[in-house]
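Hi everyone, thanks for coming. Please have a look at the structure on the screen, and we'll walk through a few spots together.

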Amino acid sequence: MTTKEDVTTFEAALERTGNGLYNILLVATCGLILLGIGADLFGFSLVVAAACDLNLSVSQKGILTSLPFIGILLVSYPWGYVADTRGRRFVLIVSVLTAFVLSCLASLATNWILLGLIKFVSVCFSCAANSATYTLVGESCIARVRSKYMLIITCLIIVSPAVAAILTYPTLLLSFKWNIPLLGISFTPWRFLNIVLAIPAGLGGVAICFFNESPKFLANCGRKEEAVSVLKSIYRINHGKNKHDLQLSTLVIEDVASKTDKSLFRAMQEQSSPLFKPPLLLRTVQLYFIVFVVYMTNNSFLVWLPYILNLVRASLEKTSDFNNLCELISTHTSNQTYMHDDNSTEGPPCLGHIEENIIFTLVISQFTFSFLNFVISYLMKWRRLVLLSILSLSTLSGLLISFMPEPISSVVLFMMFTCTNLGMGILASYFVDLYPTSCRGMATCLSIMVGRTSSFIGINIVGNTIFTHCEVTFYLWALLVLSSVLVAWFLPPDKVKEIPS
């Protein structure tokens with residue numbers, strides 16, 4: 001069986017490959033990579049909490065847990081350039097496997113400084129997968145399922161803290177101590193945990209070696225013969241037929257990248273400059289503002305969820321009186337002056353394991369968000385409407401938290417306020433659809449950089465205001481989310497008609 005020979009556009013050629021086994025396996029592999037790097041990143045805070053033999057002070061723990069996020073801020077920009085010039089698959093293989101090796105080496109760190117440096121470099125590599133996975137999936141799958149698949153792999157990012165907690169709990173319950181005289185350390189469960197948390201990403205890094213480079217990237221770089229070969233390979237795996245049944249003699253791509261000899265800095269500047277010039281300028285500002293608000297709201301408040309739940313539970317055990325969540329936080333803060341004691345350097349005693357209530361909280365909350373994100377993946381025909389609904393729900397919850405006189409409802413509203421993370425996958429689909437191939441990787445990488453920057457800023461703001469000005473914090477933050485609703489209103493309208501397969 002043969003098909004029409006002349007193909008005028010890349011999208012038309014990709015559509016003829018269909019949706020099948022290759023796409024499903026690619027999504028599963030990219031999802032595993034994102035799950036792995038997320039578990040490794042968020043699980044590192046659990047590693048630090050259990051590293052009793054390093055005798056860490058509170059300030060040292062703060063430095064260790066913040067170093068990975070600083071690494072993300074520093075290297076997201078250059079990784080975007082590499083992804084747009086060397087390829088998405090190339091970036092994934094190099095970054096994920098290198099990060100896996102470094103995370104394993106972190107288990108042998110002799111002191112907290114070396115542990116922090118190794119983890120910093122590890123995250124500098126692994127963070128490249130944040131954007132490269134989305135771009136590879138988006139450019140290898142047909143339009144009908146593209147957004148849905150990106151929402152599905154976002155589910156695994158959201159659930160990664162819960163997976164980290166699940167892996168951490170039984171690992172730290174182990175009891176062994178192997179002396180390593182050459183390094184002057186004892187290999188204990190918290191060191192082994194570094195390796196356990198890195199395994200999912202390592203498996204994903206090996207698996208991605210068996211997949212093809214993005215055919216859109218190859219065609220955009222002028223390597224059209226390789227692009228045709230990749231498309232035929234996808235067709236063969238999806239349909240179980242001979243790849244020669246798909247006859248492609250011509251590929252026409254609109255945004256072909258130009259190749260010139262220039263410095264790395266100059267090349268990176270030119271790679272990103274189209275994002276901040278007409279006609280993309282307004283779209284870039286629009287999307288980055290929404291990303292800023294989404295990441296800032298979710299990450300800044302979610303870190304306090306275990307504390308809020310423990311506070312509510314302790315309050316209900318002592319008394320049935322409950323006026324509202326902010327009054328409870330303010331009352332507890334005024335009674336616990338040690339929380340603001342700048343002379344405290346020791347902190348709570350190191351237990352060497354993670355308490356069950358923290359594990360339970362992370363698992364329940366993150367799996368709930370992941371399930372909701374999976375449901376949203378089937379609603380991508382209305383992605384603009386869904387995004388507006390998510391942001392509006394977060395705004396309303398933030399405004400109502402201080403008025404809710406019942407504890408369970410207050411906690412539910414608090415979690416709904418942090419539901420902005422459900423919009424992360426939707427935003428990723430916009431970056432793939434609204435930007436040309438030549439700068440798509442850069443646009444996505446910079447969005448991660450914007451998101452992590454806003455998280456760093458937001459966590460510090462919330463930590464310094466929620467305990468002293470709780471109600472004002474929620475009100476002002478709800479208005480910030482409301483502003484993102486207004487900005488999201490001007491996103492491109494949803495296309496309700498599906499593209500036939």
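Let's begin with a question: is Arg 383 buried or exposed? With a relative accessible area of 14%, Arg 383 is buried, because the cut-off for that label is under 20%. Before I go on, please keep in mind that this is a predicted model.

So who does this arginine pair with? Side chains of opposite charge can pair when their charged atoms come close. Here, Arg 383 forms a salt bridge with Asp 433, and the closest N and O atoms are 2.9 Å apart. Arg 383 sits in helix H16 and Asp 433 in helix H18, residues 424-434, so the pair ties together parts that are 50 residues apart in sequence. Asp 433 itself is partly exposed, with a relative accessible area of 34%. There is also a network here: salt bridges that share partners join Glu 11, Arg 146, Arg 383 and Asp 433.

Let's stay with H16 for a moment. This helix runs over residues 383-400, and its 18 residues should span 26 Å at 1.5 Å a residue; the end C-alpha atoms are 26 Å apart, which agrees. Its buried residues include Arg 384, Val 386, Leu 387 and Gly 398.

How many salt bridges does a search of the whole structure find? The search finds eight. One of them joins the side chains of Arg 88 and Asp 84, at 2.8 Å from N to O, and both of these residues are buried. Another links Glu 226 with Arg 223, where the closest N and O atoms are 3.0 Å apart. In that pair, Glu 226 is partly exposed at 39% relative accessibility, and Arg 223 is partly exposed at 33%.

Now let's move to helix H12. A cis peptide bond joins Pro 278 and Pro 279, with omega about 10°. H12 has 22 residues and reaches 31 Å from its first C-alpha to its last, close to the 32 Å expected. Of those 22 residues, 16 are buried, so H12 is largely enclosed by the rest of the structure.

Which residues does Phe 289 touch, leaving aside its neighbours within four places in sequence? This H12 residue is in contact with Leu 480, Ser 483, Ser 484 and Val 487. Phe 289 and Ser 483 are 194 residues apart along the chain, yet their C-alpha atoms are separated by 9.5 Å. Phe 289 is partly exposed, with a relative accessible area of 29%.

Methods
Residues numbered from 1 in each chain as written. Predicted model: local features only at pLDDT ≥ 70, side-chain atom pairs only at ≥ 80, totals over all residues. Heavy atoms only, no water. Helix = DSSP H or I, 4+ residues; strand = E, 2+ residues; numbered from the N terminus. Buried < 20%, exposed > 50% of the residue type's maximum accessible area, 1.4 Å probe, protein only. Contact = heavy atoms within 4.5 Å. Expected span 1.5 Å × (residues − 1). Salt bridge = Lys/Arg side-chain N within 4 Å of Asp/Glu carboxyl O.
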